[in-house]
Amino acid sequence: MIVYKILKKFLKFILFPFVFMDRIRWLSDWFFFKKCSSPPPHFVKQSLLLRHGINNSVWVETGTFLGQTTKFLSEHFNFVHSIEPSRKCLRVAKRNLRFSKNVALYEGTSELCFEKICSSLTGDICFWLDGHYSDGITFKGITDTPILFELDTIKKYLGNFSNTVILIDDIRSSHIDKENYPPLSFYVNWADSVGMDWIIELDSFIIKSKGLTFY
Ligand SMILES: C[S@@+](CC[C@H](N)C(=O)[O-])C[C@H]1O[C@@H](n2cnc3c(N)ncnc32)[C@H](O)[C@@H]1O
């Protein structure tokens with residue numbers, strides 16, 4: 001474990017110029033060609049999670065995919081619960097997360113695993129709600145997104161948490177795929193109904209307990 005940590009630090013140092021140049025390339029591509037349209041580059045999304053996440057909190061991620069964000073969150077926060085129904089995705093994620101000791105992976109849909117996790121949590125909790133069908137090896141269930149079920153469940157257990165942050169990803173889908181995704185007004189009404197504040201940044205709808213800062 002110590003050897004792994006030293007090796008990781010060393011590799012990070014060596015690879016830094018390449019990673020830096022790669023990010024500059026992604027950013028300029030996003031700025032000049034995509035005109036900052038959604039979705040932003042992955043590392044930009046990660047900054048959003050870092051800025052809005054509560055220090056020392058526990059995260060619940062729906063849709064592990066290959067475990068990239070799971071790994072990022074585990075490096076910056078106390079613990080990550082992550083749910084993934086696609087066997088193929090989970091196999092890769094398990095490999096990518098083999099050294100991350102503060103991660104629990106759940107094989108199954110949100111509909112199956114989310115409530116059990118929520119009911120076991122207390123303290124400061126952050127949610128990265130990103131479980132949905134997105135082509136390729138990702139899972140397609142009866143509905144493309146379990147977001148309504150997830151928000152219903154959070155509402156049920158909200159009283160057990162101290163402070164809560166909820167980030168809902170890919171909200172452009174509310175415009176692009178009206179058949180499968182709720183309208184943005186649904187999220188606004190949900191936040192109002194539980195007395196939480198909200199904001200939209202990049203491609204995410206962000207809901208926070210009152211008193212937590214946005215800027
Ligand atoms: C956009 S990817 C997630 C990306 C990942 N959270 C990240 O930040 O790198 C969406 C994932 O949600 C998964 N998914 C699909 N339906 C789901 C459901 N009902 N419950 C949980 N996850 C689901 C898909 O298999 C896919 O891997």
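Start by selecting α2 (residues 42-52) and α3 (68-76). His42, Gln46, Leu49 and Leu50 of α2 meet Gln68, Thr69, Phe72, Leu73 and His76 of α3; contact here means C-beta atoms, placed from the backbone, within 7 Å. By class, that contact has four nonpolar, five polar and no charged residues. (Ala, Val, Leu, Ile, Met, Phe, Trp, Tyr, Cys and Pro count as nonpolar, Asp, Glu, Lys and Arg as charged, the others, Gly among them, as polar.)

Bear in mind that this is a predicted model: local features need pLDDT of at least 70, side-chain atom pairs count only at pLDDT 80 or more, and totals for chains, interfaces and linings use all residues. Numbering runs from 1 along each chain as its sequence is written.

Helices (H or I, at least four residues) and strands (E, at least two) are DSSP runs, numbered from the N terminus. Now look along the pair: the axes of α2 and α3 come within 11 Å and cross at roughly 35°, the axes being lines fitted to C-alpha atoms over the stretch in contact, with angles from 0 to 180 degrees between N-to-C directions.

Next, select the ligand. Its shell holds 23 residues, the closest being Gly63, Phe65, Thr69, Gly131 and Thr138; to be near, a residue needs its C-beta atom, placed from the backbone, within 6 Å. Color the shell by class and you'll get seven nonpolar, 12 polar and four charged.

How values were computed. Contact = placed C-beta atoms within 7 Å.
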